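Below are some notes on the model, in numbered points.

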Amino acid sequence: MTKKTDALYAAPLQEIIDFQFDERVVAVFPDMIQRSVPGYGMIITNIGIIAARYAQAGSHCYDLGCSLGAATLAMRQRITAPDCDIIAVDNSPAMLERARELLALDSGPAIPVTMICSDLQEVTIMNASVVVLNFTLQFIPPPERLALMQRIYAGLRPGGILILSEKIAFSEPGRQQLHIELHHDFKRANGYSDLEISQKRSALENVMIPETLATHHKRLKAAGFSCSELWFQCFNFASLVAIK
Ligand code: GEK
């Protein structure tokens with residue numbers, strides 16, 4: 001199937017409403033995320049590679065905020081530990097419906113996948129060896145983030161990991177501005193207009209709240225993780241792996 005081009009913010013909008021993961025976003029999501037998140041494809045491939053190293057026999061691997069299931073499918077392709085399954089969660093019914101269709105087309109190894117349409121805050125995390133939050137934590141209100149990290153930590157087996165990818169902020173204004181501008185250059189190079197970039201930015205302003213890398217490392221430590229390692233960064237997009 002050809003990928004539908006994201007033009008959701010191409011025309012001037014009278015009123016910019018908060019960004020929602022609805023049917024219109026689902027229809028263009030693969031194109032939107034590829035053209036908006038530097039290194040997205042590489043991150044997805046490497047989530048599969050990292051998960052394969054840490055997945056433990058007889059455990060669950062979680063993909064929280066799975067969208068169309070890209071990280072789920074990457075893990076499914078690579079994990080070889082016996083008797084593992086993947087639990088993929090998203091609270092957007094439109095996303096999950098499309099994710100289920102894509103999963104049905106996947107001819108990869110038959111690691112069982114359960115897709116759950118739910119707020120990830122309501123999903124029990126237990127007997128886990130891998131938990132993925134790939135650009136999802138940024139949509140959880142900051143005051144709730146530590147409790148979520150603690151719940152993930154409690155649900156992981158010793159030696160289990162959390163892969164946490166986020167858009168990040170910088171405390172120094174000069175660095176913050178530089179990375180914002182470089183990200184906008186990246187989007188322009190991928191065909192987005194200045195109008196699209198600015199309207200999308202306004203739509204995300206109240207719903208997506210990036211934090212600094214220092215804040216993430218500190219919170220992971222407070223939740224109990226013995227170490228958290230930056231394994232990917234391009235401009236203001238980063239991914240960490242935290243180990244229990
Ligand atoms: C990928 N991980 O392609 N509970 C469940 N899902 C949520 C919640 C919540 N409270 N809040 C947001 N979401 C994916 C990309 S996109 C990132 C993740 C982006 C879901 C939301 O519905 C959306 O599908 C996803 O988190 C964020 O690897 O678009 O910037």
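1. A residue counts as buried when its relative accessible area is under 20%, as exposed when that area is over 50%, and as partly exposed in between. Phe-232, at 8% relative accessibility, is therefore buried. The model discussed here is a predicted one.

2. Phe-232 forms a ring pair with Trp-231; the ring centres are 6.1 Å apart and the planes stand at 55 degrees, so this pair is tilted. Planes would have to be over 60 degrees apart to count as edge-to-face. Trp-231 is partly exposed, since its relative accessibility is 23%, whereas Phe-232 is buried. The structure has three aromatic pairs.

3. Another of the aromatic pairs joins Tyr-153 and Phe-225. Their ring centres lie 5.1 Å apart and their planes are at 80 degrees, which means the pair is edge-to-face. Tyr-153 belongs to helix α5, while Phe-225 is in the loop between α8 (213-223) and β7 (227-234). The two are 72 residues apart, so to speak of this pair is to speak of a link between distant parts of the chain. Phe-225 is buried because its relative accessibility is 4%; Tyr-153 has 23% and is partly exposed.4. Ala-51 sits in helix α2 (residues 40-54). With a relative accessible area of 0%, Ala-51 is buried. Which residues does Ala-51 contact, leaving aside neighbours within four places in sequence? They are Met-75, Ile-79 and Val-130. From Ala-51 to Tyr-153, the C-alpha to C-alpha separation is 16 Å, and the two are 102 residues apart in sequence.

4. Val-131 is part of strand β4. Is Val-131 buried or exposed? Its relative accessibility is 0%, so Val-131 is buried. Not counting residues up to four places away in sequence, Val-131 touches Tyr-62, Leu-64, Ile-125, Ile-152, Leu-156, Ile-161, Leu-162 and Ile-163. Ile-43 is 88 residues from Val-131 in sequence, and their C-alpha atoms are 15 Å apart in space.

5. The loop between β4 (128-134) and α5 (145-155) contains Thr-136. Phe-135 is placed in the loop between β4 and α5 as well. Thr-136 has a relative accessible area of 9% and is buried; Phe-135, with 7%, is buried too.

6. Two backbone angles deserve a look. Phe-135 is not a glycine, yet its phi is positive, at about 60 degrees. Asn-127, also a residue other than glycine, has a positive phi near 45 degrees. Asn-127 lies in the loop between β3 (113-117) and β4. At 29% relative accessibility Asn-127 is partly exposed, while Phe-135 is buried.

7. Next, helix packing. Two packed helices are described by the angle between their axes and by the distance between those axes. For helix α1 (residues 23-36) and helix α4 (residues 93-105), the axes come within 8 Å and cross at roughly 45 degrees. This makes α1 oblique to α4. The crossing is right-handed. On the α1 side the contact is made by Glu-23, Val-25, Val-26 and Phe-29, and on the α4 side by Ala-94, Met-95 and Arg-98. By class, the residues of this contact are five nonpolar, no polar and two charged.

8. Helix α1 also packs against helix α6 (residues 173-189), with axes that come within 8 Å and cross at roughly 130 degrees. How are α1 and α6 placed, oblique or roughly parallel? They are oblique to each other. Gln-34, Arg-35 and Ser-36 of α1 make this contact with His-183, Phe-186 and Lys-187 of α6. The contact of α1 with α6 has one nonpolar, three polar and two charged residues.

Definitions and conventions:
Residues are numbered from 1 along each chain as its sequence is written. This is a predicted model: local features need pLDDT of at least 70, side-chain atom pairs count only at pLDDT 80 or more; totals for chains, interfaces and linings use all residues. Side-chain values use heavy atoms; hydrogens and water are left out. Helices (H or I, at least four residues) and strands (E, at least two) are DSSP runs, numbered from the N terminus. Buried means under 20% relative accessible area, exposed over 50%, partly exposed in between (1.4 Å probe, protein chains only). Axes are lines fitted to C-alpha atoms, for helices over the stretch in contact, and angles run from 0 to 180 degrees between N-to-C directions. Angles under 35 degrees count as roughly parallel, over 145 as roughly antiparallel, 65 to 115 as roughly perpendicular and the rest as oblique. A crossing is left-handed if the near helix is turned anticlockwise from the far one by less than a right angle, and right-handed if clockwise. Contact means heavy atoms within 4.5 Å. Ala, Val, Leu, Ile, Met, Phe, Trp, Tyr, Cys and Pro count as nonpolar, Asp, Glu, Lys and Arg as charged, and the others, Gly among them, as polar. Rings of Phe, Tyr and Trp (its six-membered ring) pair if their centres lie within 6.5 Å; planes under 30 degrees apart count as stacked, over 60 as edge-to-face and the rest as tilted.
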